[in-house]
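This report describes the fold and packing of one protein chain. The sequence and structure are shown first, and the description follows.

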Amino acid sequence: MPAFDDSAPLAVMDGDCVLCTAGARLIDRFDRSGRIRICPSDTDLGRGLLAHYGFAVDDPESWLLLIDGRAYS
């Protein structure tokens, strides 16, 4: 898995899915502090994180939110 900065929340979601894209836009819109970062699931980091936490890498329904080293879906 590629190294990444885990000092802020990170959301991993499908970059092609219309619903996921809408979710990412909502996060961007309501996260006024700009703390939450979004990672597409089809990147090396996204695939690595999904696999590490036991999610199906190719399943567009795999959403992952990492906060302080804890995984939420």
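Contact here means heavy atoms within 4.5 Å. The structure is a predicted model, in which local features need pLDDT of at least 70, side-chain atom pairs count only at pLDDT 80 or more, and totals for chains, interfaces and linings use all residues. Residues are numbered from 1 along each chain as its sequence is written, and side-chain values use heavy atoms, with hydrogens and water left out.

**Sheet**

Helices (H or I, at least four residues) and strands (E, at least two) are DSSP runs, numbered from the N terminus. Two strands pair if DSSP finds at least two bridges between them. Four strands form an open sheet of mixed pairing, in the order 2-1-3-4. Strand 2 and strand 4 (70-72) each have a single partner strand and stand at the edges, so one side of each lacks a neighbour in the sheet. From one strand to the next, the twist averages 25°.

Strand 3 pairs in the antiparallel sense with strand 1 over three bridges, and strand 3 and strand 4 are likewise antiparallel, over three bridges. The following table lists bridge partners.

| Residue | Bridge partner | Strand of the partner |
|---|---|---|
| Val12 | Leu64 | strand 3 |
| Leu65 | Tyr72 | strand 4 |
| Ile67 | Arg70 | strand 4 |

Strand 3 and strand 4 form a hairpin with two residues between them, and Asp68 in the turn has a positive phi of about 50°.

**Helices against the sheet**

Axes are lines fitted to C-alpha atoms, for helices over the stretch in contact, and angles run from 0 to 180 degrees between N-to-C directions. Helix 1 (residues 18-30) lies across strand 1 and strand 2, and runs at about 165° to strand 1. Helix 2 lies across strand 1, strand 2 and strand 3, at about 95° to strand 1. Gly54, which follows helix 2, has a positive phi near 80°.

**Burial and core**

Buried means under 20% relative accessible area, exposed over 50%, and partly exposed in between (1.4 Å probe, protein chains only). In helix 2, the residues Leu45, Gly46, Gly48, Leu49 and Leu50 are buried; their cover includes strand 1, strand 2 and strand 3.

A nonpolar core is a set of buried Ala, Val, Leu, Ile, Met, Phe, Trp, Tyr and Cys residues joined through side-chain atoms within 4.5 Å. The largest such core has eight residues: Leu10, Val12, Cys39, Leu45, Leu49, Leu50, Leu64 and Leu66. Strand 1 (10-13), helix 2 and strand 3 (64-67) each supply at least two of its residues, and the largest share, three residues, comes from helix 2.

Ile38 lies in strand 2 and, at 36% relative accessibility, counts as partly exposed. Ile38 and Ala56 are 18 residues apart in sequence and 18 Å apart in space, C-alpha to C-alpha.

Ser41 is placed in the loop between strand 2 (37-40) and helix 2 (44-52). Is Ser41 buried or exposed? Ser41 counts as buried because its relative accessibility is 8%.
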